[in-house]
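Please look over the sequence and the structure shown here before reading the briefing that follows.

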2 protein chains.
Amino acid sequence: MKLEEAIKSTNFKSEVQKAGLNILYTAWWIKTLSIKELKVFDLTHEQYNVLRILKGKYPELMCVKDIASRMIEKSSNVPRIIDRLETKNFIKRTQGEIDGRQTVIKLTTLGIEILEKASIKLNAIWDESISLSTQNASTLNNLLEQFRIKED
Amino acid sequence: MKLEEAIKSTNFKSEVQKAGLNILYTAWWIKTLSIKELKVFDLTHEQYNVLRILKGKYPELMCVKDIASRMIEKSSNVPRIIDRLETKNFIKRTQGEIDGRQTVIKLTTLGIEILEKASIKLNAIWDESISLSTQNASTLNNLLEQFRIKED
DNA sequence: TGGATATAGATGTATATACATCTATATTTG
DNA sequence: CAAATATAGATGTATATACATCTATATCCA
């Protein structure tokens, strides 16, 4: 669906403003797609993201701050996401030995299993639902970097 | 900042997966930028979006369903966003005359004033913070439509 | 015309987002 | 070394998101 149909509007201030709204809409579209698939595994989008980050370093452990710095949405409240993963026994918390302020997070076997299953499903859905050549994806990545270039 | 730095990761399954994460990250970046500016006007991102939609039809009135269909994030709970706008006297609710099930929303003078001021500020910030030529913005829009083409 | 069904929106619940504050441990520096 | 400052993470609060359910009004149609 074109953005114009999706938000029933054709009055954009500029092509750049339209691109901004288009990015916001597409992000919502991706999230909706993913959330629907993750529901089967009783995982939220953010819980999945945390498990994926932990897996990236496994069997190394990570502290909360390390996880937070790798989150896509930097304003996520990582301790609370971890609370829920701990309740489901997907991770285990221990106080840091070197630095007592840190909380060290360990993926459990159950956590690895769930992540494995969820990843397979989610990757399949992305492959199935997103149609873009590698070349076009690469151009898109460059344009998004360009969009954010004045970031501070 | 490049996506790789932003999420401290270089292991992407594919250029398409990277584009997906890049869209999610850029959407978060845009939202953060906007939220910061809107705070001065005591408006949230979604409250601003609803006011903007109402302004688009003004002085015509809109019902809740009409507003919802124009929201960027379709899963927004419009009645509750309207609750908060009503408390601040930015809008007024009345029961529909033709269809009694509908709630009809009217922008107040105060609502129009706030929106006007917030829009000027927000447009300025977007112009200032986003650097992309019209040509590149147009290409970006085409690629985002392509990305979502299998939408149902 | 009156009971079944559909629609509009309000309301409830769990989790996330955005951000402030608090507590415990580490580090700095006077 | 002790007091001041910094850092890690937990916790609190308002609002949003995602979705289910409930209520009131409208429409359908036998």
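Which element gives the largest share of the surface near DNA strand D? That share, five residues, comes from H2(A), where helices (H or I, at least four residues) and strands (E, at least two) are DSSP runs numbered from the N terminus. This is a predicted model, in which local features need pLDDT of at least 70 and side-chain atom pairs count only at pLDDT 80 or more, while totals for chains, interfaces and linings use all residues. Residues are numbered from 1 along each chain as its sequence is written, and chains are lettered from A and ligands numbered from 1 in the order in which they are written.

**Surroundings of DNA strand D**

- DNA strand D is surrounded by 29 residues, the closest being A:Cys63, A:Lys65, A:Pro79, B:Ser75 and B:Gly100; a residue is near a strand if its C-beta atom, placed from the backbone, lies within 6 Å of it.
- Two or more residues of this surface come from each of helix H2 (15–38), helix H4 (64–70) and helix H5 (78–87) of chain A, and from each of helix H3 (45–57) and helix H5 (78–87) of chain B.
- Divided by class, the surface near DNA strand D holds seven nonpolar, ten polar and twelve charged residues, with Ala, Val, Leu, Ile, Met, Phe, Trp, Tyr, Cys and Pro counted as nonpolar, Asp, Glu, Lys and Arg as charged, and the others, Gly among them, as polar.

**The two copies**

- Chain A is superposed on chain B by a rotation of 180° with 0.0 Å of shift along its axis (RMSD 0.0 Å), using least squares on the C-alpha atoms of residues with pLDDT of at least 70 in both. The two copies are thus related as by a two-fold rotation axis.
- In the interface, 51 residues of chain A are in contact with 51 residues of chain B, contact meaning that the C-beta atoms of two residues, placed from the backbone, lie within 7 Å.
- On the side of chain A that touches chain B, the largest share, 16 residues, comes from H2(A).
- Because 100% of the interface residues of chain A are also interface residues in chain B, the copies meet through the same surface.

**Strand pairing in chain B**

- Strand S2 (residues 91–95) of chain B pairs with S3(B) in the antiparallel sense over five bridges, two strands being paired if DSSP finds at least two bridges between them.
- Within this pairing, B:Lys106 in S3(B) stands opposite B:Lys92.
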